[in-house]
Amino acid sequence: MTTRMVGEPVRRVEDPRLLTGAGRYLDDLGSDAVEVAMVRSPHAHARILDIDVTAALEVDGLLAIYIYEDLSGPLADPLPLLIPHPALTHGRTQYPLARDEVNYVGEAVVMVVAEDRYRAEDAAERIVVSYQALPPVVGLQAARDAAHLVHEDVPGNVAAHFVQEVGDASAALATAPHRLELDLGVERSAGTPLETRGVLARWDDDSQRLRLWTSTQTSTGVRAAVATKLGLDLGSVEVITPDVGGGFGVKIMHPWPEEVLVPMAARALGRAVKFTEDRREHFISSAHERGQLHKVEVGFDDEGHLLGLSVRFWHDHGAYIPYGLIVPIITSTQLLGPYKPGAYRVEFESLYTNTVIVTPYRGAGRPQAVYAMERTMDAIANYLGMDRADVRSNNFIQPDEMPYDHKLIFQDGRPLVYDSGDFPASLDKLKKLVGWDEWAEFKADAQAEGRRVGIGLACYVEGTGVGPYEGGHVQIETTGKVKVATGLTSQGQGHQTAFAQIVADELGVAMSDIEVVTGDTRRFPYAVGTFASRAAVMSGSAIALAARAARAKALRVAADALEANAEDLEIVDGMVRVKGSPGAEIGLGTVAVLSNPLRYAFDEASKAATQFAVGHPDLAPVADEDEPGLEGRDYYSPIRSTFANGMHAVIVETDPDTAEIKILRYCVVHDCGRLINPLIVEGQVHGGVAQGIGGALYERMAYDENGQLQNASFMDFLMPYVSEMPREIEIDHLETPSPLNPLGIKGAGEAGVIPGSAVFAAAISDAEGFEITSMPISPSELFSLRQRHQAR
Ligand code: MCN
C-alpha cells in the first residue's frame, strides 16, 4: 500500500542542493555577461538640470551610457501602475530612468554598461548630474501637513482616499455604554532577502528572441512588462527564474526599472547584460512597507462586545505607487480579524513621501491591522478589568456562522467572506499551550523575585490564495518519471517538495520520480505569481487537477491494454493494476508509450513498453477525444480567497535596569486548513515569526529630515539573528479545511509575521504596566518611556 504523502512531514527535496552550495542564483549565471552600474539620485527631491557624461566616456571598457533621453517608444513612458483602483485618483509611477525630477534618494537616473562591474562603477562615478534641490517630504506627519508637495500636481500629497462602512459606526459609537480612543503607529520597514535583486538578459538576433533570467516572484509579470516595453510579442520573450534567495514581497514588483533597461541594452549591444543590485542599493532603490498611523475609536458594552468601530489611518506610500492600494486595503479589511465589529467604518489616505516606494512586504498591511485591532482589544480588557482572552472570545465569529460575510469588499474586489475557521478552538489550544490560566500565578512569583514579566496574545485572520488563477501541467514520461510545471516562482517556500507530495498521491508514484519546475515561462507560460500566500492553494489545486486529468487518461489507456474497466483500476507505486487481481498490471511508463501514437521508443527504458505495445496489435488507437501524450493540464480559479487564521502568545522579560527585552516563550496556534507538509509549514511559521520579532523589536527605516536613509546596510539595519530568537517556537496546528478548493488548503507563507508587533506590544505593556503605542520598540525607547511614566 502506498503511503499518502500529503500531510506527511517530508524533508524538503530542495535542501541537499541548496545546503551544499549547489544552488544557482542570478549572480552565478552569465559569466560572459557585461555589467551594469546605476547612477542614483543622492537627493530625496530635486530637479535634474544637467547630466554630463564626458569624463565617463574615457573609461576603458565602457560600452554604453543611457539617460532618459535615450529611451524611446513605450520605454520612455512611466512604468505601469499595477492593480489600479478607483480610489487611487492620483497614481504616479516612476520612469525607468528619471526624466526631469527625482523623488527619492536611490531613484535611477543613469544606466552605465561596461565590460565588467568595476569599470561600470568607475564610469558611473565620473558622471556629473546637476540638481536643483527641492524641499523633501519625509514621514507621514510631513506628508499630512503638506507644507511641501512630492508631486506638484497632487494636492495634499494624497494619492488615494478610501472609505468603507457597514452599519452606522458614528451612531453606534455615540450610543455605546463605553468608548475608547487610541492612536497607534507602526514605522516603515522592509523585507531584506539575502539575495538582492538581479537580472540577466540575452538577445538572440537570429530568432529575434529575448531570454531573461531574473530574481523575481512574478516571472510572467516581468515577461509581459518587458515584451510591452520593448515592443515584442509575448512569445518572443522567455523568462527563467533561477534559485531565488528570498523575496518577501520585494520581488513581487514588476517590472523594476532594471528589468526593462537591461534587456534593452542586451538587444542594442548584442551582448549578454547583467545587473546585480548591491546591498546599499537594495535599501535605497527596492521597496519598503509598514509605515502607518492609526486612529481607532471603539464603542463596547460591559462584557466588551464591540458595538461600533471606527478606524482612520494614514499610509506612507513613498514617492510612487507602482502596486496600487493593495497594502492599505488589506489593512482596512483584515483589521477585523476573527471578530464581529458591530458597525464598522474604515477610512484611509495613501500619502506620497520623498522616500523609497512601497510594495507589499510579507504580511502586507496585516501586521499593522492586527496591531491596531489587538491593541484595541487589550485596551477594552484593561478598561473593563476583564481577562484579555475573554474579551476576544466574546467577540469571536463562531464556527457555525461560517461562511461569514463581513459585507465589505476585499483586496481582490470580491466580498470579504470567511470560508472556515474555529476561533474558539484555536484560542483554547493557545491558552493551554502557553499556560494562560496559570499566568497570574507565574507573574506574581516572578514579581516577588523583582522580575518584570509580561504576556501578550494576538489573533489574526489572513485572506490567502487570492485569484485570479494559476495553472499546472503534469506529464508522465515513457520512463515512468513525472514532470510537473507551474508558472509561479519559488523563493524558498519548498514548492518542489509540497507539489511533488500532491502529485505522488494523485498519481500513486514515488516522490523521487517526480520533478517540479516553477517560474520558467518555457515550461508553463501562464501564471500570476508567488505572493499573498497563494502558491499552495492556487498552484497546489491546479496541479492536483492536472494530475487527476493525467491519471484519468492513464486509466483509460491502461484499461484498453489490460482489457479491464477503468473504474476497476488503481495506481500503486507507479503501476496501474486491476484491483484485487494480482499480476494484471502495467507500468505508467508503458502507459505513456501507449499514449503516443508512434508507439515505439529508442531509449532502453521504453523498450519493454514498446514490446508490450507491439505484442498487442489489436490495441485500440489513442481514443478520439484524447490528444497524444500522457499529460494533464488544468487551471484553478477560486470564487474568492480562503481565510487562514492563527493566534500567537509571547512571554517576555524586560530588564529593570537596561530595558533589554528577552523572549522567554513564543507560542503559535495556526490553522491553514489541510496541511500538505507540516514540516514546511512550521518552517514558514518560524521564518515569519523571526520577521515578526524583527518588526516588533529591531527593524525600521531610519530616514533623516533630508530623506537620507541612515541605516542602509546590515551594519546599521538591525535584524534578529539566531541569538535574538527564542530557543523554541512552540507550534500547535488546527486543521479546518477550506471548502473552496479541492485539497481543503489555506495559505501559510505569511502567517508567522502578522501578529508580531501586536503580541510584543501587549507583552511589554503587561510587563511594564503602561501601554506601548508605537512599534518597533527598542530598549532605549522603552527606557525613555519608563522615565516618562515615572515622571507622571
Ligand atoms: N503549505 C502546506 N500546507 C498548507 C499551506 C502551505 O504545506 N496548508 C506549504 C506550501 O506548499 C508551501 C509553503 O507552505 O511550500 C508556503 O505556502 P503558501 O502559504 O501557499 O505561500 P506561498 O508559497 O505563496 O509563498 C508566499 C509567501 C509570501 S507572500 C512571502 S512574502 C514569503 C513566504 O511565502 N516569502 C518567503 N515565505 C517565504 N519563505 C522564504 N524562504 N522566502 C521568502 O521570500
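Visitor: Which residue stands opposite Glu585 in E24?

Guide: Arg577 stands opposite Glu585 in E24. The model is a predicted one, in which local features need pLDDT of at least 70 and side-chain atom pairs count only at pLDDT 80 or more, while totals for chains, interfaces and linings use all residues. Residues are numbered from 1 along each chain as its sequence is written.

Visitor: How do you know which sense and how many bridges join strand E23 to E24?

Guide: Three bridges join E23 (residues 575-578) to E24, and the two run antiparallel. Two strands pair if DSSP finds at least two bridges between them, so E23 and E24 qualify as paired.

Visitor: What makes E22 and E24 the edge strands of their sheet?

Guide: The open sheet has three strands in the order E22-E23-E24, with antiparallel pairing. E22 (569-572) and E24 each pair on one side only. Neighbouring strands here are turned by 25° against each other on average, direction ignored. Axes are lines fitted to C-alpha atoms, for helices over the stretch in contact, and angles run from 0 to 180 degrees between N-to-C directions.

Visitor: What packs on this sheet, and which strands are touched?

Guide: Helix H14 does, touching E22, E23 and E24, and its direction makes about 115° with that of E22. Contact is judged by C-beta atoms, placed from the backbone, which must lie within 7 Å.

Visitor: Why do E18 and E28 stand at the edges of the four-stranded sheet?

Guide: That open sheet has the order E18-E26-E27-E28, with mixed pairing. E18 (452-464) and E28 (729-733) each have a single partner strand, so one side of each is left without a neighbour in the sheet. Its neighbouring strands are turned by 15° against each other on average, direction ignored. E18 and E26 (residues 642-654) pair in the antiparallel sense over 13 bridges. Gly454 stands opposite Val652 in E26.

Visitor: Why is the ligand said to lie between two domains?

Guide: Domain 2 and domain 3 both give residues to the shell around the ligand, so the ligand lies between them. The assignment for the protein chain gives domain 1 (32-134), domain 2 (364-466 + 639-791) and domain 3 (468-636). Such bounds come from an automatic or database domain assignment.

Visitor: What makes a residue count as near the ligand, and which come nearest?

Guide: A residue is near a molecule or strand if its C-beta atom, placed from the backbone, lies within 6 Å of it. Of the 36 residues around the ligand, Gly492, Ala498, Ala535, Ile676 and Gly749 come nearest. H13 (495-507), H14 (535-562) and H17 (678-697) each supply at least two residues of the shell, and H17 gives the most, with four.

Visitor: How many residues of the shell are nonpolar, polar or charged?

Guide: The shell has 15 nonpolar, 16 polar and five charged residues. Ala, Val, Leu, Ile, Met, Phe, Trp, Tyr, Cys and Pro count as nonpolar, Asp, Glu, Lys and Arg as charged, and the others, Gly among them, as polar.

Visitor: How do you know where domain 1 and domain 2 are in contact, and how many residues take part?

Guide: Four residues of domain 1 are in contact with four residues of domain 2. The touching side of domain 1 has three nonpolar, one polar and no charged residues. The centres of the two domains, taken over C-alpha atoms, are separated by 40 Å.

Visitor: What is the peptide bond from Met402 to Pro403, and where is Pro403 found?

Guide: The bond is cis, with omega near -5°, and Pro403 is found in the loop between H10 (388-395) and E16 (404-409).

Conventions:
Two residues are in contact if their C-beta atoms, placed from the backbone, lie within 7 Å.
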